[in-house]
Amino acid sequence: LNFSLRHTLVHWNGKYWLLQRGKRGTVELYIYNSTLKHIKTFKNGSLCVDNDLEIKWNGKEYFLTFIEASLHDNPNTGECILKFKHYILKDENLIPVNVSGMPHWIPPPNTWLVGNSLVSENGKVTHLNIVNASLYTEGIAYNDTHVWLVVALNSNPSTYVTIYELNDLTPIKVYSTKVNGNVYPPETLRGNPILIQRIATPKSSNISVLSFNGSALLKIHSWDECSAIYPVSVGGRIFVLCLLKSKAKSAPNILELFEIKNKKTKFLNTFSTQGHVYVYNVDDFRGFNAFKLWKHSSLIIYTNESIFLFNSTHALNLLTGESIELPEG
């Protein structure tokens with residue numbers, strides 16, 4: 001190969017390799033397909049993150065985010081102001097995109113949602129006539145016929161929730177309400193919109209799942225004992241993972257699995273976990289170096305067919321109970 005080990009292999013897309021050289025400060029981006037092609041050198045990157053170049057892949061093109069330094073950054077104290085520059089990389093062409101926010105790929109209309117803008121695979125920007133989404137927690141929900149944008153503005157002790165339909169990429173407000181507590185949507189969910197509601201109590205907190213039925217936001221279920229819950233969409237079914245933290249430091253945590261069906265929750269099973277629980281949709285990574293885990297933690301990966309719980313020795317299918325032994329190490 002006619003490139004050095006100073007180049008890091010990032011991704012293979014079926015046509016060419018994506019490579020980068022350097023991770024902080026100055027980052028060089030390359031394409032390799034028999035020969036090495038320099039795409040761009042990004043300069044003045046932030047020293048506050050491990051990698052200044054964030055890359056997402058939707059199966060056709062890349063969405064790149066370069067994190068720039070600011071004058072007042074202090075990596076030693078963590079007092080950093082992150083500045084983002086976005087690009088679309090399509091067919092070896094780098095297209096600057098003047099939008100703000102973090103990118104989410106929406107499969108049905110085949111577009112990127114970035115803050116309050118939609119970005120096509122060719123870099124065309126459509127600004128949405130909605131409230132300033134950068135101030136909100138936002139999420140996308142979609143099924144075979146509808147796409148919803150869910151935005152939630154927390155104004156302690158309440159949250160203002162607004163839901164838009166994006167069926168033809170034109171936002172139409174379909175619902176707005178004020179909800180008690182801190183409320184936030186999942187980043188992406190295949191199914192009708194749901195939100196997580198957390199209300200603080202004197203001793204702990206109460207966590208609920210709220211579901212939007214097209215005209216109202218309904219409370220499906222509440223948990224007093226869960227320290228965190230994770231909504232998961234698998235094959236058109238919606239599940240909730242409830243994490244019960246052990247009071248004893250050495251004891252394993254408990255994970256309970258529920259299914260949301262017919263506006264009710266059905267308890268399915270209980271599993272033990274180690275340490276911090278990481279929950280990821282496998283489609284969020286598509287072949288990248290996906291994540292770093294702390295030691296003595298648990299990893300949950302869900303696909304369009306199953307939910308898998310990994311520990312250091314086994315992979316457990318949470319829907320079937322099948323346990324698969326992992327290779328040593």
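Predicted model: local features only at pLDDT ≥ 70, side-chain atom pairs only at ≥ 80, totals over all residues.
The protein contains 30 strands and zero helices. Its radius of gyration is 21 Å. A compact globule of 329 residues would have a value near 20 Å, so the two agree. Along the principal axes, the C-alpha trace spans about 55 × 55 × 40 Å. Contacts were also examined by sequence separation. Among those between residues at least 6 apart in sequence, 33% join residues at least 24 apart.

Burial and surface were computed for the protein. Of its 329 residues, 44% count as buried. The accessible surface comes to about 17,900 Å². Carbon and sulfur atoms account for 49% of that surface. The charged side chains comprise 31 positive and 26 negative ones. The centres of these two sets lie 3 Å apart.

In soluble globular proteins, nonpolar side chains tend to be buried together. The largest nonpolar core in this model has 17 residues. Those with the most contacts inside this core are Val232, Leu241, Leu257, Ile300, Ile307 and Leu318. Five strands, S22 (228-234), S23 (237-244), S24 (253-261), S27 (298-302) and S28 (307-310), each supply at least two of the core residues. Strand S22 gives the most, with four residues. Ile307 illustrates the packing. Residues up to four places away in sequence are not counted here. Another core, of 16 residues, lies apart from the largest one. Its members include Val10, Val27, Ile31 and Phe42.

Two further residues were examined individually. Thr162 lies in strand S15, which covers residues 158-165. Its relative accessibility is 8%. Buried means under 20%, so Thr162 counts as buried. Neighbours within four places in sequence are again left aside for the contacts of Thr162.

Pro327 lies in the segment after strand S30 (323-325). Its relative accessibility is 70%. Exposed means over 50%, so Pro327 counts as exposed. Pro327 and His314 are 13 residues apart along the chain. Their C-alpha atoms are separated by 8.6 Å.

Technical notes
Residues numbered from 1 in each chain as written. Heavy atoms only, no water. Rg over C-alpha atoms; globule rule 2.2 N^0.38 Å. Buried < 20%, exposed > 50% of the residue type's maximum accessible area, 1.4 Å probe, protein only. Contact = heavy atoms within 4.5 Å. Areas by Shrake-Rupley, 256 points an atom, 1.4 Å probe, with all protein chains shown as cover. Lys, Arg positive; Asp, Glu negative; His and termini not counted. Charge placed at Lys NZ, Arg CZ, Asp CG, Glu CD. Core = buried A, V, L, I, M, F, W, Y, C linked by side-chain atoms within 4.5 Å.
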